[in-house]
Amino acid sequence: MYFGRIPRFSPSFSLHDAITSARLIARPPDDAPKVREFEQAFARFIGVKHAVMTPSARYAFYLILKAYGIGPGDEVVIPGLTYFAIPSIAVTAGVRPVFADVGLRTHVLDPAAFEAAITPKTRAVVPTHLYGTPCDLDAIRAIAQPRGIKVIEDCAQSTGARYSGAGGTQRVGSFGDAAYYTFGLTKNMTTLTGAMVTTDDPAVADSVRAAIDASTPAALSRSRKEAVTGLAMKVATHPFVYPLTLHPVILVGNRLGKDPIHEPFGEAEVLYPSLPTSFQHSRPRAVQAAVGLQQLARVDGLNAARAKNGRFLDEHLQHVPHLTVPEYPAGVEPIYMSFVVHHARRGDLIAALRRRGVDTTFGYMNDCSDHPLFPEFRRPCPNAAVIKREQVHIPVHPSLDERDLAHMVEAVRSACLELARTAPGRAP
Ligand SMILES: Cc1ncc(COP(=O)(O)O)c(C=O)c1O
């Protein structure tokens with residue numbers, strides 16, 4: 001029986017991960033050996049010399065800035081379309097974030113916009129491989145390197161993606177001077193909570209490690225909570241459970257104009273009265289590393305399944321009225337963390353898709369170049385503004401099967417045709 005009910009997301013966290021978590025939380029072993037084993041495996045996976053586990057990507061970014069001595073008086077070029085925590089951390093470190101625009105359909109940093117944002121104070125650039133799409137790293141490095149600008153890759157949404165440049169095909173995170181990743185439950189691989197820094201530079205690795213070693217071990221209660229949440233997500237998004245449980249709740253939310261998943265779980269940046277000044281300082285535990293090792297063994301397979309789904313959507317959603325589909329620059333091997341289309345009536349499109357059984361979201365990326373958190377750093381990024389206003393994330397996760405993909409394509413087409421026939425806000 002096919003229900004035609006498609007969740008926006010499915011977790012990579014598995015029953016095997018839940019069992020490992022339960023075992024290592026009940027009888028915690030020494031943390032250091034397991035964490036080192038995961039770090040070394042991750043460094044080999046990315047193709048770099050050093051990897052250091054950190055509690056979060058934002059703290060990883062902070063520690064990389066510190067390692068390079070980037071601070072007050074310095075500027076860092078950051079794409080306008082990004083997660084608000086990254087420019088927040090620059091500000092926390094006393095650094096001026098200079099926002100540069102992204103490609104309208106690639107969603108990633110436009111090298112020409114980066115070049116135009118450079119001043120004598122620019123010390124670093126953050127190419128963010130957003131939605132699993134690698135940036136044009138050759139172009140960015142060619143601009144940055146002769147000027148001594150550090151390239152700090154944001155791989156939070158692209159663990160495992162590859163880019164083919166002048167030096168051959170490598171995974172993202174191995175092109176810059178340093179890179180950071182994050183492994184929350186909604187990412188393509190998870191360590192419950194946790195993140196990573198990679199670099200070929202031993203001084204950066206040592207500096208990051210010294211800060212991590214000086215912090216207290218993370219509370220196991222946090223890992224326990226995440227493992228329970230991961231398992232609950234797994235059950236709730238199961239093809240037989242989702243249609244009878246979460247989907248009806250989403251439909252009720254739809255009628256009330258609320259998103260029952262995004263609102264309780266999203267990190268509502270608008271609620272920050274000012275910049276977040278604290279972020280999680282804690283040393284990762286063996287349980288996080290053990291789950292990370294299990295996930296690392298599966299991530300290429302999961303990425304390949306996402307990419308297959310993404311290519312199908314790409315092929316079948318061309319030429320749908322009023323819909324803009326993403327564009328992937330030559331030489332990139334995206335992992336399709338999100339499949340992001342644009343529609344001028346995105347609220348109506350999301351509602352119309354939910355009525356057709358397809359749950360979608362507008363995601364949590366912001367146009368930081370025009371955001372209440374950064375009034376002093378406003379800088380026009382017209383493409384980021386359009387994407388922020390119009391983006392809709394079509395499900396692309398590895399659990400989709402061929403029937404789901406066909407159902408989604410039909411749902412998107414018919415929803416767009418329906419919108420083309422009705423006035424804004426009046427779609428039935
Ligand atoms: C592009 C990007 N950068 C940075 C981060 C921050 O990661 P963390 O929550 O581990 O600090 C995220 C979070 O999802 C992200 O999507």
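The model is predicted: local features need pLDDT of at least 70, side-chain atom pairs count only at pLDDT 80 or more, and totals for chains, interfaces and linings use all residues. Residues are numbered from 1 along each chain as its sequence is written.

**View 1. Packing of helix α12 against helix α14.** Helix α12 (residues 346-355) packs on helix α14 (residues 402-421) at an angle of about 130°, and their axes are 9 Å apart (axes are lines fitted to C-alpha atoms, for helices over the stretch in contact, and angles run from 0 to 180 degrees between N-to-C directions; helices are DSSP runs of H or I, at least four residues, numbered from the N terminus). The two helices are therefore oblique to each other.

**View 2. Residues between α12 and α14.** Asp348, Leu349, Ala352 and Leu353 of α12 meet Ala411, Val412, Ala415, Glu418 and Leu419 of α14 (contact requires C-beta atoms, placed from the backbone, within 7 Å). These residues divide into seven nonpolar, no polar and two charged (Ala, Val, Leu, Ile, Met, Phe, Trp, Tyr, Cys and Pro count as nonpolar, Asp, Glu, Lys and Arg as charged, and the others, Gly among them, as polar).

**View 3. Packing of helix α2 against helix α11.** Helix α2 (residues 31-46) and helix α11 (residues 286-316) pack at an angle of about 30°, with axes 8 Å apart. This makes α2 roughly parallel to α11. On the α2 side, the contact includes Phe38, Phe42 and Phe45, and on the α11 side it includes Gly292 and Leu293. By class, the contact has ten nonpolar, one polar and three charged residues.

Methods
Angles under 35 degrees count as roughly parallel, over 145 as roughly antiparallel, 65 to 115 as roughly perpendicular and the rest as oblique. Two residues are in contact if their C-beta atoms, placed from the backbone, lie within 7 Å.
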